[in-house]
Structures are given as C-alpha cells and as structure tokens.
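Please look over the sequence and the structure before reading on. The note below goes through them point by point.

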2 protein chains.
Amino acid sequence: MVVKVYGPDYANPKRVIVCLIEKEIEFETVHVDGFKGEHKQPEYLKLQPFGLLPVIQDGDYTLYESRAILRYYAEKYKDQGTDLLGKTLEERGLVEQWLEVEAHNYYPPIYNLVMNILVSPLLGLPSDPKVIQESEEKLGKVLDIYEERLSKTKYLAGDFFSLADLSHLPFTHYLMNQMKKEYMFRERKHVSAWWDDISNRPSWKKVLQLYKYPI
Amino acid sequence: MVVKVYGPDYANPKRVIVCLIEKEIEFETVHVDGFKGEHKQPEYLKLQPFGLLPVIQDGDYTLYESRAILRYYAEKYKDQGTDLLGKTLEERGLVEQWLEVEAHNYYPPIYNLVMNILVSPLLGLPSDPKVIQESEEKLGKVLDIYEERLSKTKYLAGDFFSLADLSHLPFTHYLMNQMKKEYMFRERKHVSAWWDDISNRPSWKKVLQLYKYPI
C-alpha cells in the first residue's frame, strides 16, 4: 500500500516525508496550497478537522498530527530502514522526552521566527519585531541546553539518530538558510556539529530536492 | 522499584500520577514548590534543565516531559492495570494523534486561561482580559471538533479510554471547578458526557484527594 501524504511542501509535512524516506516506505503526495487556503476547504476538513497539514491516508486508515504519524510508521516498520526509536524501552523513553522538548520548547519560538521573518512577507502581512526578538532569546536559551546535552551524547536521545533529531529538520532548515540566523547554531560547537550531521543525511537532501514550494 | 515523582501538586505532574495509578505502579512524591521557585534551583535543574515539572526517577533512570513519561509507563506495563494505548498499532496511532491534539490544540488556550484566571491572582500579577477572551474562543472551537468526534466514538481515540483522554484531566478540572467555566462543556452534549465519564474514574478522584496544593 502506497502512503498518501497531503501537504507536502510545508515544514510539518516534510517532517513526515523525511521519516518515510528513512523507513524506506513508498509514498505519493497530494498538493494542498496553504497560501490559497485549500487546507480550510470542506473536503480537506473532512480529513483534518483542525485545518492543519499534514494528513496521511494508508488504505482506509487516516492519521494526522505529524509527530503521531512519525511514531506510527517508526513502530510499524521497526525493522525496516533506519531504526528511529532506540533499542530499549528506556531509549524509546528518551526519544519521546526529546520529541516533546522539540514540540514544547524548541518549536514555539522557531515557529514564531519563521512566521514573522519568512511567511508574513510572503502573505503581505506585517512582522512583529518584539516577537522576533523575544523568540530569538527563547530559542537561544533552548540551544544552550541542547549544547550541554550534545556535549555528552552524539544525538539528543543518546548516541543514535532518532525521531527526536529528525523532527527538528524542517523548521531549522529555514533558520539556517533563508532566515540567515545560522550564527545561532554556529556559535555553539556541539549544536553546530549536530546540525551538520543530521542535515547531511541523504533522506533530508532528498526532501529538499523534491519539495521547493513555497520557500 | 518505587517511582519517584517530582511535583506533584501541579497540573502537569498530576497527568503522570493519574497514569501511574491507572497502571497500578507504586510511586512516592517529592514536593517541589513552584511558587517559591524551587523548580529553578540548581539541584532541580540538574534533573530537568528547562526548569519544568514533573520529573520521574526510577532507579537510575530519569525522565521528564509528562506525556513522554505517560508513554513510557503505558508501554512498559502494557499488561498491568488499565491498557491506555489501544490494542493495535492503528489504535495506538489514533491515541498518539489525539494526544498531540491535546498538546497542540487544547493545551495552549486552556493553559492561558488557567494562568490568567487562576495563577496570576495567586502570584499577585495582573490578568490579561484580551488573552482570556481569545483563549476562550479558541478553546470553544476545539471543543466543537471534540463534540463532533465524541458523537461517533465514546472516547477520543475510539471506544476505549486511553492516554489521550487521561491527558486532559488536570487542566480541565480547573476549568470545570475553580474557574467556573463549566458551561463550555455543559453546552456540548457529548463533550459533557465524556467529561463526566473520565473525571469520575477512581484514579482521578484519588489524585484530587491526595494533592490539593496550591488550588
């Protein structure tokens, strides 16, 4: 069964796609244009009532929320492609911990930065300099904690690449490229090396090559 | 091994404790007084570098982020106490989906309401009426989607109680009691019945009986 991914050009769907590539799972994509509001149309809301991207369909199974989709495929195909969950329950626990840190500590400030620096100008909306400044400060404090962690282990959950690292790729890519905030990572030695490692994975390079819209 | 839970009086630690009770896991608690800033002290930051509650210690294993802890114990003791993950990978996927909805759609507005209506007065800080109004509107829209979902299945992930439902208990308790916003649930028939069901579980009543500080 080929997995159908609705998105796929935005950051949250890309989180799912890089996982499917790591797990060597066949997929096809359905383009949903967020800039035209297609994710708020009745047909799409039947699949995802909150009007957010992505959704997957796998036969008659429908699932949304990108990090839930990651967990589903990482577990379903545990022995295929890259193992993204760790080998023991305790390693899996740490994968879950850092996946939650990504969702609750890292994502809110980087999301605000992406929206205000990249997306608002595309939509012709004003940016809020106060939000940009506060978000950069918050993200900096999170990266200080990452720096400490990554001085002890190669990846966030331990010495193995996992969903916790992978989940950082799409939004951080904007920060390191289009947003010209590379210095936030480069001034932190271990965080910088971690980014070079995870962003050079063939799976992520493939995602960037396949999906260039809208930024 | 008895699980040590740091908290335990606040809403996020209570999410963990109700899970441990459902899973029939022995635990003890270490009181951390957030109102005195004990969660920002160096000793505590060694356990949880972001200065947030809760943390658990289980022998020499330390884990933080409440929803990561839920997943760890629900999986580790799959066959003990209440099954909270569903029976199949597809059910587990839906548990994960609704746990993410709780974290990303439900939690942000209810957290803002709790902070502005309950916590700020306790700290002698001003409340923001605009944030209260916007958060109530956002939460109402989320509850409309829950109402639709709960008209089809008894619980969020399906016809079985799971982590996805359990995760809503601590913050919603404030909404339904101390905050006098019960009408938000009562004007939605299925959401109202769902709350009566999950909040009457002996596990949750036990949590309320054990931990009354600070509200």
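1. Basis. This is a predicted model, in which local features need pLDDT of at least 70, side-chain atom pairs count only at pLDDT 80 or more, and totals for chains, interfaces and linings use all residues. Residues are numbered from 1 along each chain as its sequence is written, chains are lettered from A in the order in which they are written, and side-chain values use heavy atoms, with hydrogens and water left out.

2. Elements of chain A. Chain A contains 10 helices and 4 strands. Helices (H or I, at least four residues) and strands (E, at least two) are DSSP runs, numbered from the N terminus. Read from the N terminus, the order is β-α-β-α-β-β-α-α-α-α-α-α-α-α.

3. Overall form. The radius of gyration of chain A is 17 Å, which agrees with the value near 17 Å for a compact globule of 215 residues. This radius is taken over C-alpha atoms, and the globule rule is 2.2 Å times the number of residues to the power 0.38. The C-alpha atoms of chain A fill a box of roughly 45 × 45 × 25 Å along the principal axes.

4. Burial and contacts in chain A. Of its 215 residues, 57% are buried; buried means under 20% relative accessible area, exposed over 50%, and partly exposed in between (1.4 Å probe, protein chains only). Among contacts with a separation of 6 or more, 65% join residues 24 or more positions apart. Contact means heavy atoms within 4.5 Å.

5. Cysteines. The count of disulfides over all chains is 0, a disulfide being a pair of cysteine sulfur atoms within 2.5 Å. A:Cys19 is buried, at 2% relative accessible area, and B:Cys19 is buried too, at 1%.

6. B:Phe161. Where does B:Phe161 lie in chain B? The residue is in the loop between helix H5 (129–150) and helix H6 (163–166). B:Phe161 counts as buried because its relative accessibility is 7%. Leaving aside neighbours within four places in sequence, its contacts include B:Glu22, B:Leu84, B:Ile198 and B:Arg201.

7. Helix H3 of chain B. This helix spans residues 66–76 and is mostly covered, with 9 of its 11 residues buried. Among the buried ones are B:Arg67, B:Arg71, B:Tyr72 and B:Tyr73.
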